[in-house]
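I opened this notebook to keep track of what I look up in one protein chain. The entries follow the order in which I checked things.

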Amino acid sequence: MKNLALQGEVRHALPLPFRTSHHTTATTNSADVSGEYISGNIVAVIQNPNNDFHIGTNFDNHYHDGRDAQYDHPTDEEGSATSIKLSKQPPANFVVTSDGKVLAMDSNDQLVWLVDLEKVVDEANDDEEEGEEGAVDTSNNDDVPKSRSLWFYAASFIQETSPDMLDDKTDGIMGMDLNDEGGLHLTCLSHAGHVVSVSIDTTASLALEGGNVEEGSECIGTFENGLECGGWSPDGEVLALVTFANDQGEEGNAIVMEPEEAKVPILMTMNTQYEILAEVRLDPCLFALRDIPAREAIEPHAISFCWRPDSSSLAVSTMDVPEERSDDSKPSPKPLRRIRTYNRTTLDLLSVSKEEDGSGRDVPNLLPVKPTWAPAGCSHYVGAVQSSRPLTSTSARGRQGTLQVAFLEPNGLRHRECKIHNTGAAGTTKSVEKEEVTVIAFNLEGDLLAVTILVSSTDQSPYGKVQLYHRNNYHWYLKYELRYYDGETSSVVSSIKFSDEDPYQVMVALHRRDNLGQASDTVEWREYMFRWESSTVYYRNKQSGKSSSVLAMAVDGKTLNFTPLDKAIVPPPMYASSLALPAPVVSVSTRPSFYHEKSIEGESQNEVEFIASMSDGRFAMLGFGGAECKGNPLTPGFSPPLLLAVVDSRALEGNQECGEPSALGSILRDITIIDSDDNSLTVVAVTSPEAASGKHSFVDNLIELKVSINSQADTLESNITMTMCLPLEGRALRVINWSDTAHAEGARGNALVQLTDGSLLEYSRGGVIEPSEAGHLLEPCPWISGLYDANIDSTSTSSRKADNEHVEPSKRLVIGLASRFRLYCGERLLSNASSSFDISLQHRFLTHVTLGSRPQLRFIPLAVLRDFDPLMGSDENMALDGYEPRNVERGARLVAIFPTTPSVVLQMPRGN
């Protein structure tokens, strides 16, 4: 029943086109006549692992507190000179583009240095020609513009040198070359066959000294027949490449087919010194035509491969040439895509993709999407995109039937699948959105599968979206969708990559397009951080006969599943009822009970109880309309919520009181309802500023929205207005309601805000934000819960003023669970290993589930946490142990606590 929530978003933008020191020459592309520009898509964004320590001694000696410095470049052949401002801060990210540019960016998104890979290749070729005797004079061809190569891969690795290559003057430690030839390197590959290694230390030294930065890079070599794909193993020790055999001089290398041509690919591996370790010839296959302009779509005959996470083997996907049949009466077979796995050391064939029914049939209709290999948590499955219909030349760009990710076991047998949700708009009969999967990838833990989709139609520019799937109880849920189209501008996803350290951090590179579908100058990448919410539960102490006091909700694409836990505990993936919405749901916000709210039996006809945020930027207003459930519900007597209205949050009205761009077109996260009346809801949310070239924002915006509700007969109309926009002191980690909004008068219209440094703030309706009386948490906690006034007894029916002649001042109490599973109450550590927690005001205790070999369900009275004094003796501190614990199954998570009965709902790791 857990849902995926967006925890943070950071946006970056590449510098706008500018002229660098590399002026136009006769060998420059005709498109770059005014200088060298950033015009390609982002291939990779590589974080600097040594950013905190400054790479090498040169950084320690030269970098200072100044953000920018004037940097004079040498003159070119024409005698002209150029000077631009470059940052002297250490690089934080290295961005590689498809047109062969390597940009080093600091933490402020300022350019530190830029390397042109094409120039590195040209200089290497010139040196070879000068070294050859009788070199051919190519001066007559100087006026012919040279087309740039298409660069498709870049990754970092630590280059090592064998001990026998170290001379007496080199200080070596365990085979590591400490001079410029060692250290961090970037390997860049192009389809033209170029392999270039960029030394970060050497390039940084040349940039600081005002030299030619291209001298810090080396063209390792060029494959005559080009490179189809390549990549380093996860351990960074082996580089795998796929090229083609020579067409002439070798038997069986070229096979002519009408109207296509097939070649024999060669798979080879290299070490960190680019020495060939092994190579093997693959079966003849069709190959992609690289002489056409680059598209966002994938070539139907593309060759790709992926590494196993433990680097022991790799899976190669090729479009094989069919075998010729001697019997002319039978129709000739068509090309078929197969996935083969090879051993890393010897490149011996291990398996071929086959159906699991034992018939030996090939897996049909595999698409040319790069496969992905799941980690050990998913049984080391290989994921490949499969269509329900054959892929033809006319359907290569369109979606045919249904798409799914088929999983292959290490022995090659197909085993289960994940169906991909078609979340595009149906449109009109003349314009229907077509979706094409371009990338699939697993995260580090294997519990998230990212699917990148290119959406195209005839009446709007193409745009991209990223879907995140999660498997539980043998069912794949679509838990989140990132959509890059706001009705005016669109962006295409050029690359996506999960972090190698944090399994819930993902980088998405974008290329923005205008209304006409033309690529603009804006090239950006965004970093997203996600978190798991153990459950989304709606609590009510009083309910009508058709509603529920404990209603659990689970997101599955466009469907919102409901289970009334107080009426029937239905195990996932089953549910008591569901509601289909216009677009995939990304978050659900529930309206809490507020202090002095009208107490009515049952619910009104058009009272909004939930706000479901959708991936297209709209809000779905849900409530209990009192209608009977259609069909035969799994839980008799339960009436699920209904869709009352849809409001577009992208069309915000009102002024912008902060200097940053408004929330128009951006993602709203941590949507929290802080107040309500008969005609409106007051909502606060967090948004990240838009990316701007050369300007990086280290803060988030907290916005206040007013959702107006107008009831007319049986319909409900609503609109949304932004009433306040405040820049925070940093990036927001979490925004929540106080748990005692129904009992504490000051909690109404108030929200608790936590920043990424662990500091706590209190936001009050009207734009007032101040530090919280609860103080700081010892570390940032993505999961928090707080009491506005811990002195109030929610179980008492009498008012606080009537029972107490002298009212004690309110006391804040904040409980937080860190990402490392440490549970805190303010600055006190309650548990060093807990999976989840919840506060029950009706029972007056904190409940949490511990981790370890003997997990337990533990209870701590809230009064003990409120009165706890760190200066007390150890005997008094024993009260934090609470009531007698209960043993639970390992990996259990807390879902809900019934408010009227002493019952707790837990979810086991398998999903039940």
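**Entry 1: strand E45**

I began with strand E45, residues 680-687, where eight of the eight residues are buried, so the strand is largely enclosed by the rest of the structure. Buried here means under 20% relative accessible area, with exposed over 50% and partly exposed in between, using a 1.4 Å probe and protein chains only. Helices (H or I, at least four residues) and strands (E, at least two) are DSSP runs, numbered from the N terminus.

I then looked at the directions of the side chains. In a regular strand the side chains alternate between the two faces of the sheet. Ser-680, Thr-682, Val-684 and Val-686 point one way from E45. Leu-681, Val-683, Ala-685 and Thr-687 point the other way, and all are buried.

**Entry 2: what I am reading**

I note that this is a predicted model, in which local features need pLDDT of at least 70 and side-chain atom pairs count only at pLDDT 80 or more, while totals for chains, interfaces and linings use all residues. Residues are numbered from 1 along each chain as its sequence is written, and side-chain values use heavy atoms, with hydrogens and water left out.

The pLDDT is the predictor's confidence in each residue, from 0 to 100. The chain has a mean pLDDT of 79, and 73% of its residues reach 70 or more. Over residues 18-35 the pLDDT is below 50, and this stretch has 41 contacts in the model beyond near neighbours in sequence. A contact means heavy atoms within 4.5 Å. I also marked residues 249-259, where pLDDT stays under 50 and the model has 17 contacts beyond four places in sequence.

**Entry 3: the partner of E45**

Which strand pairs with E45 over five bridges? I found E44, in the antiparallel sense. Two strands pair if DSSP finds at least two bridges between them. The two strands form a hairpin with three residues between them, and the bridge partner of Asp-675 in E45 is Thr-682.

Ile-673 lies in E44, which covers residues 669-676. At 1% relative accessibility, Ile-673 counts as buried. I checked its neighbours, leaving out residues up to four places away in sequence: Ile-673 touches residues including Leu-681, Thr-682 and Val-683, as well as Phe-594, Ile-611 and Asn-737. Arg-591 is 82 residues away from Ile-673 along the chain, yet their C-alpha atoms are separated by 5.8 Å.

**Entry 4: the largest nonpolar core**

In soluble globular proteins, nonpolar side chains tend to be buried together. A nonpolar core is a set of buried Ala, Val, Leu, Ile, Met, Phe, Trp, Tyr and Cys residues joined through side-chain atoms within 4.5 Å. The largest one has 26 residues, and those with the most contacts inside it are Phe-94, Val-102, Trp-113, Leu-117 and Val-196. Helix H2, residues 117-131, gives the most to this core, with four residues. A second, separate core of 23 residues includes Val-385, Val-405, Val-451 and Tyr-469.

Beyond four places in sequence, Val-196 touches residues including Leu-117, Val-120, Trp-151, Ser-217 and Cys-219. Ser-217 is found in strand E13, residues 217-222, and is buried, with a relative accessible area of 11%. With the same exclusion along the sequence, the contacts of Ser-217 include Val-115, Val-196 and Thr-203.

**Entry 5: helix H3**

Thr-203 is one of the buried residues of H3. Just after H3, Gly-210 takes a positive phi of about 80°.

**Entry 6: cysteines**

A disulfide is a covalent bond between the sulfur atoms of two cysteines. The test is a pair of cysteine sulfur atoms within 2.5 Å, and by this rule the count comes to zero disulfides. Cys-285 is buried, with a relative accessible area of 0%, and Cys-219 counts as buried at 16%.

Strands E50 (residues 760-764) and E51 (residues 768-771) pair in the antiparallel sense over four bridges. Leu-761 stands opposite Pro-771 in E51. Three residues lie between the strands of this hairpin, and Gly-766 in the turn has a positive phi of about 110°.

My last item was an open sheet of four strands in the order E56-E57-E58-E59, with antiparallel pairing. Its edge strands are E56 (834-840) and E59 (886-887), each pairing on one side only. E56 pairs with E57, residues 845-850, over six bridges, and the bridge partner of Ser-836 in E57 is Val-849.
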